[in-house]
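Trainee: I have a model open and would like to learn how to read it. Could we go through it feature by feature?

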Amino acid sequence: HWLLQVPPRERGWEWRHLYSATDESLAVLPGHPGTITSIDLSRDGTVLVSADRQGWVRVWDARKGEERLRFRAAEQGIFHADVSPDGRLIATAGADRTCRLWTADTGREVRTLWTHSVPVSACAFSPDGRWLAASAYVQPEASRPSSIYGVVRVFDLRGDDEPYELRGGNKPLSGLTWSDDGRQLGASSWAYLTAVWKAQPG
C-alpha cells in the first residue's frame, strides 16, 4: 500500500483515516493475544485457521468473518497450523516439539502424531487429506552442529502404517507444500534451498 511509505512518526489521524478508507480487506479478524505465526484457508474457502506465539488456535467462518472456536493447542508457540481439505481437522506444529491433530468443530485433540526432540517447524495436509507431512531437523551428534540434517515425516491418516521419512539438506526445514495432484512434496530450508520429493511411498 502506498500509504505505508509514510514514516511512522508522520502518521497522524489523517493518515489513519486515509488508510482505513482505502483498505481493500474483506474483513479484519482481531482477537489473538500475540503475534500471529500462521494462517490457512480450507480448499472450499469456508474455514480459516490462525495460530500464534502463545499457543492459541482460532477457527473462523471465513465467509462471515466470525470466530467459531478458540483453543490452546500448546503452552509454547505454534509455528504452523494447517486445515484439512474438508475443513474437519487442524494440524499444528510448534515449539513444544509436537505435531498434533485436532477437530475443527470442537478443538478436541485427536492424536499426537509426532513427539520429536526439537521443535516441529511446519505441517501440511495433502490435497486429498490422506497424508500429513511435518518438518523439523535431526542432530545425531549434539556437539557437532554440522551433523544436522532436515527431515520430513509423512503420516498416513487413513491407515496404521508407520510414517515414512524424507531427508533434505544440512539445515532445519522451515516450510512445506504439496503439488495440486499430491504426487510431490516441497520443503524450504535454512540452507537457502528448496527440496522436492516424490510424495508417496511405493
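This is a predicted model: local features need pLDDT of at least 70, side-chain atom pairs count only at pLDDT 80 or more; totals for chains, interfaces and linings use all residues.

Trainee: What percentage of the residues is buried?

Mentor: Burial is judged by relative accessible area, and under 20% counts as buried. In the protein chain, 46% of the 202 residues fall in that class.

Trainee: Where do the charges lie on average, positive against negative?

Mentor: Take the mean position of each set and compare the two. Here the 24 positive and 25 negative charges have mean positions 3 Å apart.

Trainee: How many helices and strands are there?

Mentor: The chain has 1 helix and 15 strands. As for contacts between residues at least 6 apart in sequence, 33% join residues at least 24 apart.

Trainee: How do I read a sheet? Take the one with E9 in it: what is the strand order?

Mentor: Read the order across the sheet, then the sense of pairing. This open sheet of 4 strands runs E9-E10-E11-E12, with antiparallel pairing. Strand E9 (122-125) and strand E12 (164-168) each have a single partner strand, so one side of each has no neighbour in the sheet. From one strand to the next, the twist averages 25 degrees.

Trainee: Which strands form the other open sheet of 4, and in what order?

Mentor: That sheet has the order E1-E2-E3-E4, again with antiparallel pairing. Strand E1 (36-41) and strand E4 (66-72) are its edge strands, each pairing on one side only. Its twist averages 20 degrees from one strand to the next. Inside this sheet, strand E2 (residues 47-52) and strand E3 (residues 56-61) share 5 bridges in the antiparallel sense, and Ser 50 is opposite Arg 58 in E3.

Trainee: Are the faces of E9 covered or uncovered?

Mentor: Both are covered. Ala 122 and Ala 124 on one side, and Cys 123 and Phe 125 on the other, are all buried. Compare strand E15 (residues 194-198): its covered face has Ala 195 and Trp 197, while Thr 194, Val 196 and Lys 198 lie on an uncovered one. E15 is joined to strand E14 (residues 184-189) by 5 bridges in an antiparallel run, and Ser 188 has Thr 194 as its bridge partner.

Trainee: Why does Ala 133 count as buried?

Mentor: Ala 133, in strand E10, counts as buried because its relative accessibility is 0%. Leaving out residues up to four places away in sequence, its contacts include Ala 122, Val 154, Trp 178 and Leu 185. Between Ala 133 and Cys 99 there are 34 residues of sequence separation and 9.5 Å in space, C-alpha to C-alpha.

Conventions:
Residues are numbered from 1 along each chain as its sequence is written. Side-chain values use heavy atoms; hydrogens and water are left out. Two strands pair if DSSP finds at least two bridges between them. Helices (H or I, at least four residues) and strands (E, at least two) are DSSP runs, numbered from the N terminus. Axes are lines fitted to C-alpha atoms, for helices over the stretch in contact, and angles run from 0 to 180 degrees between N-to-C directions. Buried means under 20% relative accessible area, exposed over 50%, partly exposed in between (1.4 Å probe, protein chains only). Contact means heavy atoms within 4.5 Å. Lys and Arg count as positive and Asp and Glu as negative; His and the chain ends are not counted. The place of a charge is taken as NZ of Lys, CZ of Arg, CG of Asp or CD of Glu.
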